Amino acid sequence: MSESTILNNENMVTSKTSVSVLFAGDSGDGMQLTGTQFANTVAVYGSDLNTFPNFPSEIRAPAGTIAGVSGFQLQFGSKAVYTPGAKFDVMVAMNAAALKANLNNLHHGGIILANTDGFDEKNLKLAGYGEDNNPLEDGTVKDYTVFEIPVVSLTRKALADTGLSTKNIDRCKNMFVLGTLYWLYSLPIETTIETLRTKFKKKADVAEANIMAVKAGYNFGDETEMFSQHGRYEVDPATQKPGHYRRVTGNEASALALGAAAKKAGIQLFLGSYPITPASEILQELSKMKKWGVKTFQAEDEIAGVLTSIGASYGGALAATNTAGPGLALKSEALGLAVILEVPLVVVNVQRGGPSTGLPTKPEQSDLFISMFGRHGDAPLPVIAATSPVDCFYATYQAAKIAVEYMAPVICLTDGYLGLSSEPMLIPAPKDLADITPKYVKERKPEDPPYLPYKRDEKGVREWAIPGTKGLEHRIGGLEKSHETGTVSHVPENHELMTKLRAEKIERVIDLVPDQTIDNGNEEGDLLVLGWGSTYGAIKIAVEQAIEGGCNVSHAHVRYLNPLPENLGDILGKFKKVLMPENNNGQLIHIIRDKYQIEPIGFSKVQGLPFNEMEIEAKITDILKEL
């Protein structure tokens, strides 16, 4: 938390440049909804922000236990925000387990808003403290600023006259906490009130009860003596480019990108999908776009989902499928079919912890190897990785452009951190998006020569033949086809030729791949931190802080993983050492090592958690000490 020297003594309001907040409680305490509402409010207010929802994989983990803790962390500020914060400044602890699970990540001297009703004997025992060891009383939190608030009791008093059952009143306790936070950080409550009325428009009594709870929490902050010596905070809105903004998650951004790409290309969008955590929201978002001609199909399994998309692509649609690691594994045979058919297909893979079912709700950069190599035979395809929730839009859009213009399946890698996290997005004007130009085969006239389905242009790309177009009858399927004519062929030399032609086409995607740039730091020096995907924010902040500390370190982030940027090797050669942080056990490092014959320093984190900037900065410091 950055603090300016401005202090308004009359109102006891301290100005901050950024604040990181964690809402933590039992899975049934509504922490994801609470965090989302707080994020919406600061976004409307004009702050930059970055969020990180972190919740159990179980549908309903045991209440009151460490395993059942659900958290929503966000950082908001008046300057650019790239991560939810390495540590947080404020923790809302709805019960003892929430405190125990997260206390180590609270800044020394940070603020704790503790719901004392969640620290009774039962909750203390379930959290592992023991019935007689209350951390609020035994010195555990002596180094922090603690506000003990009986949230449940106060919520019940505030809503006593609503006529709701005690059970339903207790469900409003998260809104009481939200109101208190709004007061503490000088934020308006109107955005949340409007959202609650929309969300519960068919349950007016529930909407009004939640609104009353928000107001009660705000008034509690304003009227209680608890905060009198501490005061309030304020964070100014961020300076932003002019334009219209909206808060998006990465999954929402990917869905918007697919819709935008289809409109830009002038073709219909089809998504064949099977629900899977943490990618299902892409299907959910696109299913709301029927009025724009978007077609979605929820298949019976992952294989059916991708095969329907391949069929739609053959029929002339911009076809896509969304999935996570286990689903990508199931789709691998069908992706080989899309490769040999040479039809456009966008695969948005929202990576999660693996292998197998692994960690369904936890992020990991686990699928680079399977994306690059996980198909039968020689079946290369382009691979792109998004770097932020907003970049999920631009990466997915670019994947669609490559798929259509190179007649190939393309994998766009995001992950659970990017897919479920959010930040403000400047809505681009359609004219500012790159053109997407499908190349169709024209109807054949009697005097025209026979149609050759695998005849290629100068980029090695075959044209798109729409079924039903006169004169374009041709054979399709997974068996190897004869060069140009498309008839089934088992001729050895033809198979080798077609294998090489398909690979060369993917290599020519390099024409759309911009040169690699240095994101921060000098063009050459002691250490380059090379990242990909969702490690971007943590690396960026770590390198910025290291440079401010006098270190000769730079940051480059690879967006195009296949093919890699043409000048990447030259950049790598200008640094004494290369550090590669990855949320896996080391995947891109093997590809870089093999292609460029260098020996980077690997830095793996495989905990179902994203890197934070403190971890990477510490690693940078350790390496530079040895140079």
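In this predicted model, the lining of the largest pocket draws at least two residues from each of α1 (31-45), β3 (48-54), β9 (245-249), α10 (280-286), α16 (416-420) and β16 (422-426), and α1 gives the largest share, six residues. The pocket has a volume of about 780 Å³, and of the 32 residues that line it, T36, R247, T249, E252 and L420 lie nearest its centre. Sorted by class, the lining holds 12 nonpolar, 14 polar and six charged residues.

The structure also contains 20 salt bridges, one of which joins the side chains of D29 and K173 at 3.3 Å, N to O. Because D29 sits in the loop between β2 (13-26) and α1 while K173 belongs to helix α6 (residues 173-184), this pair ties together parts that are 144 residues apart in sequence; both D29 and K173 are buried.

Another salt bridge is formed by K264 and D435, at 3.9 Å, N to O, and it links distant parts of the chain, with K264 in helix α9 (residues 250-265) and D435 in the loop between β16 and α17 (492-507), 171 residues apart. Here K264 is partly exposed, with a relative accessible area of 25%, whereas D435, at 52%, counts as exposed. Elsewhere, E342, R456 and K505 are linked in a network of salt bridges.

Notes: Residues are numbered from 1 along each chain as its sequence is written. This is a predicted model: local features need pLDDT of at least 70, side-chain atom pairs count only at pLDDT 80 or more; totals for chains, interfaces and linings use all residues. Side-chain values use heavy atoms; hydrogens and water are left out. On a 1 Å grid over the protein atoms alone, a cavity is a set of points where a 1.4 Å probe fits but cannot get out, and a pocket is an open set with protein on both sides within 12 Å along at least five of seven lines; lining residues have an atom within 4 Å of a point. Grid points are joined across faces, edges and corners, and a volume is the space filled by probe spheres set on the points. Helices (H or I, at least four residues) and strands (E, at least two) are DSSP runs, numbered from the N terminus. Ala, Val, Leu, Ile, Met, Phe, Trp, Tyr, Cys and Pro count as nonpolar, Asp, Glu, Lys and Arg as charged, and the others, Gly among them, as polar. A salt bridge is a side-chain nitrogen of Lys or Arg within 4 Å of a carboxyl oxygen of Asp or Glu. Buried means under 20% relative accessible area, exposed over 50%, partly exposed in between (1.4 Å probe, protein chains only).
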